[in-house]
Every structure is written in structure tokens, then in C-alpha cells.
Amino acid sequence: MIRKAALLALFVTTLLVPAAVVVPGMASARTTSASRAGLQVVMEAIGPDAPRDPTTEIKLSGSLVNSGAEPMSGLRIRMHFSPQPFARRADMEAYLAGQTLPSSWCCESFVQASIAPSGKLPWQFAFTPQELKFSGFGVYPIMVEVRDAFGQQVSTLRTMVTYMPRETRVPRTRLAMVLPIVDQPRRSEDSVFADGNLPAAMAPGKRLGDLLKIAQDTSSAKGLTWIVDPALLDDARAMGEPHTVRVKDRGQRRPAAPEAARWLSDFREAVADQPVVATPYADPDVVALAHNGFDDATRTGISAAGIVARETLGRDVITNVNWPVGGLIDYDGLDLLATGGVDTVLLNVLNLPPTTPPVTTPDASATLESVNGPLTALVADATLSETVGADTSTPGAALTNRQRFIAETAMISSEAVTTARTVIAVPHRRWDPDPAYVTDLVETAATLPWLAPVTLDTIKRGKGAPVPRSGLTYTDADRKLELPKQYMTGVRKVGARADLTSAITTAQDLDVFDLALLRLTSSAWRGRTGNATPYVQQVTGAIDGRIAMVNITGSEQSRLRTLAGSNGDVPISVRNDLSGEASRIAVRLRVTSDQPDLLKIEPYEDKLEILGGQNQTIRIPMTSTSTASGQTTVTVQLTTDDGRKYGKPVELTVRTTGYTGVALVIVGAALVVMLAAVVLRVLRRRGGRRPAAAPPPERLHEPAGTES
């Protein structure tokens, strides 16, 4: 005998948020319009998840909640059911949308007391599969209905019960749950944060903090794959050290934020044993890049993702799998991904629909052709994805969505197929999950006897006959969601100036502003490019500042050069004030005469390689073609190796004397006079060196006393 539910007579008054237990686009529990105006049926418990025996007791309980302003009395509650399981997933969807009713009802009770405004009254039903005549593996509809004293329906709750007899044998459905951690850019240039809000977003109870909590609580779970934007990890690392934050257009130095460092450390530990797929750095809008001529940016983003993720997580991550924005991409974007090393894409079913509506759930894998050859397409299941990412903030929503998830996976496995299939569930990019709900869902999936959790990297192209698909479907509406052309044109101009700085840098690693430009093209700016404008301005200023640090030295007063004679060398010095790893530069110097008929620039070696903090001088040979004195100007321009102008040109004034012949005559005459004087002096010295005359003979001395 079917046992009727005993409605608890105890009346409980409490303050509740008005319930609305509906998953957007695919309600797991359905309420009437009257319910929304007043009384609501909230499910609070149901179980077990998968009864295996016909005599297993199933309990369904909850509360009647009066969210209206008037008391309600004379209510009657009953439970409807059907002994026939749903034949197709589409039938279950129609039922949850309120289009069909269960065929039978089993239990009815009366509520004698009134429910005051903001009050609630508990209810409960208990039954067995045998009592409701559930005969085989399948999903069965259950509806709880409330009628008023006049017999009018005032509220309903639609849910399902899954029954799987112990002797049932079906191929286990391989389920891959993919959970994204994607944020928005927090820095404009590499060294400056746009604000200091990241640590607050990582706090417990906040979005990034909740995502970390899920990772920690599911660290040992099987069949879980994470998709992470390495830019978020990079931001956490940078903010976990002393950093600069822009405050009122000025950089303010701040100490390390321990919250950011701890978040990164905890996340690294939580996902240590699970596969991690990296988006291209900063999660750029790949289709917008393809449609606006940024052909190299995607490849750069993929390369940077691998480098940054390895540095922050301490291990290699998966970069050959890509999840485009919304799971939507066209062949232009697909070709960019393929040339960047991607061989697998995770897509929305709307992007790669079956040619004809399938009778059963198709396998997730398919094949796409790209410029680089065949790629594997993994098509996510829309309903499972929405269920995993459902908003569970209203009373009862977590439980009804969990029950929907159990029922959907059971329906897939109960379909009349003989081979196991793979299905994928991935919530939307910037979901704001309830950690308890998602963790419970992951744990539940591991216990259901018809599921086999797998990771994304283990999914291979289907071996059986694939479901025919129509090819990539990318509509005009999809294209309108991309980063707009006007915005991308502005970013392209910024990129052209940034490319100048990389063209003179001799470092072979990532270019100086590559990461900054990827942040400007992030999918986070879709629909809100106005929020990206300050980032564009800050990057532009940083680029201009870097360009100005390589310059031709000298003040306005020192830009006068004198050419004494018809030819000579004019020295020109270049200063490199850059510092850091990418400070060594190689530039060329282009010097042109504004009046080549008066002053000619002779051939010279124009390339300079300068270390940071140093300057180098080139002597430029010039020839005056005029015999008169005067002055003219020359323009000095730094260029890249391929001839693009670098920085602003500088004008130098060159003065020529015009007296070269006279000067030579004067110098020659002076030399002749000096030579004559030298010769005369030599001759005089020679004349003064004649032999001396012989001395006179010595006179004989006479003897003393002898007179002459």
C-alpha cells in the first residue's frame, strides 16, 4: 500500500528570501505564476541519489514558503508521478518547462493552519520504487502541487527520481567536468597594476576565493580538468611581491600582498595532481584577432601561456587545447589556433551542431579541418554545462539542479546504445559558483553507477561512427559579440608603436609589450570596451616613455656643428637610458642634408649597438660643395633595422668656413718662413765652429841681472 505523506503540523515562522528555483533556460523545478506572487514550494532533501532495490525508501521533503503579503490557509498538497520513465532527454526538458504533467498522483494531505507572510511549513513524502511501479532503469517525473481552499493550483515543484535496478547493465558514460578560472586583466603594463583590488577578489566568499575553495575541496577528485588563464596566475605572483599601483595617474609603490601570494600557493598545491589547460595569455578574443589582422598575437599568447604557467605552477600545462570565448569560433580563428600549435578545441554545440537532430546524445568528439590539417573538436553538452554552472543562490536551487544533473546523466546512459560515449560539462567563462554545490556535484558524479569520470586530456577522437555535424556555425549575431573593429583599430595602432621597441631590442625572449597588448585584446572587454580605455592609454604612455629613453644627445644650444674646410667629420651621440634584461639595443642612424647642393653626406657605418645606461658616438663624414662660408641643417633620425623611424627626428646646424684655399696658403707660407729660419740658424751655427789660431811662440827668459 502506498503510504501517504504526513504533512508536519508544526507551523514554523521564519524570514526567507523569496524562492525561485529555476535554472536559467532549463528549469529543474517549475513554479506557477501564482506561486511567484505568493506561495512557493521549496525542495530541501531528496534521496537516495540512485536507488537500486525496489523496496528502497525514497524521501522527498521541503517547505511551503509564503513570500506574499497575505496569510494563506486551507491549502492542500499532493504528489504526482508517472510509472513510465522519460523516453528522451527532450521529453524531460518539456516536462520541466511545464508542457506535460505526470499521469498519476499518489498522496494528498491538508494543511489546516494558515501560513503567515514570510512563514514556512515543512512537508515530506516517502515512497518506494515498487509502490510507484517504477520497473526499469530510467528517470521518472515527480511533481509536488499545492492547491488552495477553492481547488486552484497556487504552486508546483517539478523534479525527477532516477531508479536503476541492481541487475541493470549499461555502458558507463564517460563524463569530463571542466572548471574554468578566468579573470580579467589587472595590469596595464607589466610593472603597474590598474588598481589594488585583486587581493579582495581572492578573499574567502569572493569569486576567486570560491574557485580556490572548489580546487582545494576537489584536489583528490577524479575526472576533473581545470582551464586557467595564466595572466591571473601572473598577476597573483606580481602582487605577491612589492609592486606598483596606479593612483590618480601616478604610480604608487606598495608592499607585497600576502593574500595574493597565498592564493597562488594554495592553488598550485590544490591542482598539483590534476590536468590544467591554459588559455592563451590574458584569454584574448581569438576571433576578433583573426578578423582584425592580429595574426601573430594568438601564437604569442599560446607561447606566453606555457612559459608563465610553468613559472607560476612549477610544471608544464596543456596548451594544445583551446576553449574559444563562448565555445564559438569560425574557420579564420580556427586557422590561427592551428598555426599556434592547437590540435583540440572545446566548443559549444551551437557552434558545431549535428546535421539532423539526433535521437540519442552524440559522443563529444568530432573532427574539423584547418589550414594545418585535421583538429579534434570536443563538443560540450549544453544542459550539463548549464547545470554545473547554475545559479544556486535562491532557496532549494542547489538541490533541484543537483537532481537535474543526476537525471540528465542517467538519461544519457539509459539511451539504447551499445558503446560508451563521452560527454563534457563546462560552465560559462566567468561563473560565480557556490563551492559547496560544485564540490557536491563532483563527488556525486564519482558515485553514480552509470558514470565514469575522465579528464579532458584523455578524450580521443571517437572510434565509432561519428554523428554527422554541419561544420562550424558562426552567425552575424556571434560576430557582433566580438571586440568591435573601432576598438581593435586603436589597439592595432598601439601595437605598431610597441613593435618599434621590440624591433631595436636584441633580447630573444618575449617582446617588451607583448603581454600588455594581449591584455588589451582580452575577451574580458567584450561588451565593455569603455572599461579598457584607461588600460589602452596607460600602455600607450608606457610605450612612448620607452621610445624616448633612446635618443640623440645634446641640448638645443649644442646642436651647432662646425665643418672647418670643405670636408670633415661631425660627431653625433646616441644615449640608451634603458635598464633591465631587455636594455641592450641595436639601432641605425640616418643623417640627411636639407640642402644637398651645399652639404653632402658621405657614406658611413650607420649601425649602433648600445648597452643600457651608455651612449655611443658615430662620426659622420660631410663635404661642403660651396667655397663660401655659411650654414645649413641636417636631419638625424634613429631607425629600426628595417628602416622604420624610431622617435622624433633631430635637426643639427652645420657651419662651414668657406676659406679652405686661403688657409692652406697661409699655413704653407708660415711653413716656408719657419723652414728658412731654421736653415739660417743651422748655417750660422756651422760658421761659428771654425778652427782657433795657433798661440805665439814662448819668449826665452834672460838670466837675472842681464840688461837688454
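Analyst: Helix α16 covers residues 533-548, which makes 16 residues. From its first C-alpha to its last it reaches 23 Å, close to the 22 Å expected at 1.5 Å a residue; the expected span is 1.5 Å times one less than the number of residues. Helices (H or I, at least four residues) and strands (E, at least two) are DSSP runs, numbered from the N terminus.

The model is predicted, with local features needing pLDDT of at least 70 and side-chain atom pairs counting only at pLDDT 80 or more, while totals for chains, interfaces and linings use all residues. Residues are numbered from 1 along each chain as its sequence is written, and side-chain values use heavy atoms, leaving out hydrogens and water.

Buried here means under 20% relative accessible area, exposed over 50%, and partly exposed in between, with a 1.4 Å probe and protein chains only. In α16 the buried residues are Tyr535, Val536, Gln538, Val539, Ala542, Ile543, Arg546 and Ile547. They pack against β12 (243-247), α14 (485-504), α15 (514-520), β21 (550-552) and β29 (645-656), where contact means heavy atoms within 4.5 Å.

One of these neighbours, β21, belongs to an open sheet of four strands in the order β21-β23-β27-β25, with antiparallel pairing. β21 and β25 (599-601) stand at the edges with a single partner strand each, so one side of each has no neighbour in the sheet. From one strand to the next, the twist averages 35 degrees; axes are lines fitted to C-alpha atoms, for helices over the stretch in contact, and angles run from 0 to 180 degrees between N-to-C directions. Two strands count as paired if DSSP finds at least two bridges between them. β21 is joined to β23 (residues 567-576) by three bridges, and Ile552 has Val574 in β23 as its bridge partner.

In β7 (residues 138-147), nine of the 10 residues are buried. β7 pairs with β4 (residues 75-81) in the antiparallel sense over six bridges, with His80 opposite Met143 in β7. β7 is also joined to β8 (residues 153-163), again antiparallel, by 10 bridges, and Val139 stands opposite Thr162 in β8. β7 and β8 form a hairpin with five residues between them, and Gly151 in the turn has a positive phi of about 85 degrees.

Strand β2 (residues 39-47) is largely enclosed by the rest of the structure, because seven of its nine residues are buried. Eight bridges pair β2 with β3 (residues 58-66) in the antiparallel sense; Met43 stands opposite Gly62 in β3.
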